[in-house]
Amino acid sequence: MKQKRFFLSESEIPTQWYNIQADMPNKPMPLKNPKTGEAMKAEDLFPIFAQECSRQELDQTHKWIDIPEKVREMYTYYRSTPLVRAYGLEEALGTPAHIYFKNESVSPVGSHKLNSAIAQAYYCKQEGVTNVTTETGAGQWGTALSYAAKVFGLEAAVYQVKISYEQKPYRRNMMQVFGAQVTPSPSMSTRAGKDILTATPNHNGSLGTAISEAVELARTTPNCKYTLGSVMSHVSLHQTVIGLEAEKQMEMAGEYPDEIIACFGGGSNFAGLAFPFMRHIFSGERKGTRFIAAEPASCPKLTKGRFMYDFGDEAGYTPMLPMFTLGHKFAPANIHAGGLRYHGAGVIVSQLLKDGFMEAIDVDQIETFDAGMLFARTEGIVPAPESCHAIAATIRRAKECRETGESKVLLFNLTGHGLMDMSAYNQYLAGNLMNYSMSEDDVTASLMKQNMI
């Protein structure tokens, strides 16, 4: 019988995270203080982030960073996650391609987000922090942080993008089960939220608005730190356990991926899978591996955005980040992949895209749900709407292999299950979903409206 799933023993789970910044030919440009224009130092970030996370954020020297023993111990509760050969999907597509996926949906909270939530909660606890705050789109990060906070005895406050708060009530309930206070954003509980609602009373929210509120709460609450589920470099660092495991598992399968594919919102799951494999490109050990980020056509910061310094939030509370962006005041369409509705890309990924080490595609909403349905019916897993973007991109490539006869090895990241997203599937099955896309002209008009070009 063909082996379909590949697992690692507990001793093989990584003991270190991989810091790609140390290997990059061109280092990411510095974060800047918006008031002075000067490059940020780690201590400049201490008022917002845990000190160790701040140091990791700007570390461009150390290639390997030790995973704290307690964090790794918690990883062993659900890691390694399985690498799976998608024989059913291959057969349905009639493709010669070999399709593998790293199944991060098996974590206690149903997504890859726990990999960084555990680490950030641990560092906050070690520092003596008592409260943590964050934003969340679809709710996967908020759920992960809520659980991790409870494990380490921290109080958590989560600002959830309003449209997702309404679309995904069970994700909200999961956060509340773990003890978090959940507030739809924008809200009247912060100055940033009040300003946004005053200007746009019916604002449906964005990750940019939710970040503003969470950062403001962290700044104004004693002994409180802000935690983030994507975009920032220390988050990408923590997620590299995914790719480091996948490397060993692909070796067990006797193959090496020709193409590595992941969905893209801010960059955490793409980074987690791709970065460890990318180091072999930098060293010259491997050549020709393609790294593909799949983003929504309604929020195409990689495919149609502009590279510039921009804020990570709508109110302008964060440092200035050098990134591909649609503008920090961009209000994305109300697609169901709430975790991908972010205006910008992380600084590492932005530099890698500029330098040609990776590529990006955008996918319409209905195509992603078509892909998710096929995957569910062939592999027995209902994927989160975010992961459906990676599946859709993989299916595109598998069909191209069918046409050319090439037997490529495709590896994608299944970052979360969709069991809390059935309302979205209900809308799809009822024929009520719509496609939203942005053209180059739309992006230019949006940036001009924001006085950014």
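Mentor: Start with the surface. The protein exposes about 16400 Å², and carbon and sulfur atoms supply 49% of that area. Accessible areas come from the Shrake-Rupley method with a 1.4 Å probe, and for residues only the protein chains shown count as cover.
Trainee: Where does the model come from?
Mentor: This is a predicted model; local features need pLDDT of at least 70, side-chain atom pairs count only at pLDDT 80 or more, and totals for chains, interfaces and linings use all residues. Residues are numbered from 1 along each chain as its sequence is written, and side-chain values use heavy atoms, with hydrogens and water left out.
Trainee: What share of the residues is buried?
Mentor: Buried residues make up 63% of the 453. Buried means under 20% relative accessible area (1.4 Å probe, protein chains only).
Trainee: Give me one example.
Mentor: Take Ser236, in helix H11 (residues 233–239). Ser236 has a relative accessible area of 6%, so it is buried.
Trainee: What is Ser236 in contact with, leaving aside its neighbours within four places in sequence?
Mentor: Gly267, Ala271 and Phe275. Contact means heavy atoms within 4.5 Å.
Trainee: New topic. How many helices and strands?
Mentor: The protein has 18 helices and 15 strands. These are DSSP runs numbered from the N terminus: helices are H or I, at least four residues, and strands are E, at least two.
Trainee: And the sheet with E10 in it, what order do the strands take?
Mentor: E1-E4-E5-E15-E10-E11-E14, 7 strands in an open sheet with mixed pairing. Two strands pair if DSSP finds at least two bridges between them. The edge strands, E1 (5–6) and E14 (359–363), each pair on one side only.
Trainee: How do E10 and E15 run?
Mentor: Parallel, with 3 bridges joining E10 (residues 259–263) to E15 (residues 409–414). Ile260 stands opposite Leu411 in E15.
Trainee: Which strands does H15 lie across?
Mentor: Helix H15 (residues 365–379) lies across E4, E5, E14 and E15, at about 95° to E14. Axes are lines fitted to C-alpha atoms, for helices over the stretch in contact, and angles run from 0 to 180 degrees between N-to-C directions.
Trainee: How do H15 and H16 pack?
Mentor: At about 85°, with axes 8 Å apart. The contact includes Phe369 and Phe375 of H15, and Ile391 and Ile395 of H16. The two helices are therefore roughly perpendicular, a label for angles of 65 to 115 degrees.

Methods: Buried means under 20% relative accessible area, exposed over 50%, partly exposed in between (1.4 Å probe, protein chains only). Angles under 35 degrees count as roughly parallel, over 145 as roughly antiparallel, 65 to 115 as roughly perpendicular and the rest as oblique.
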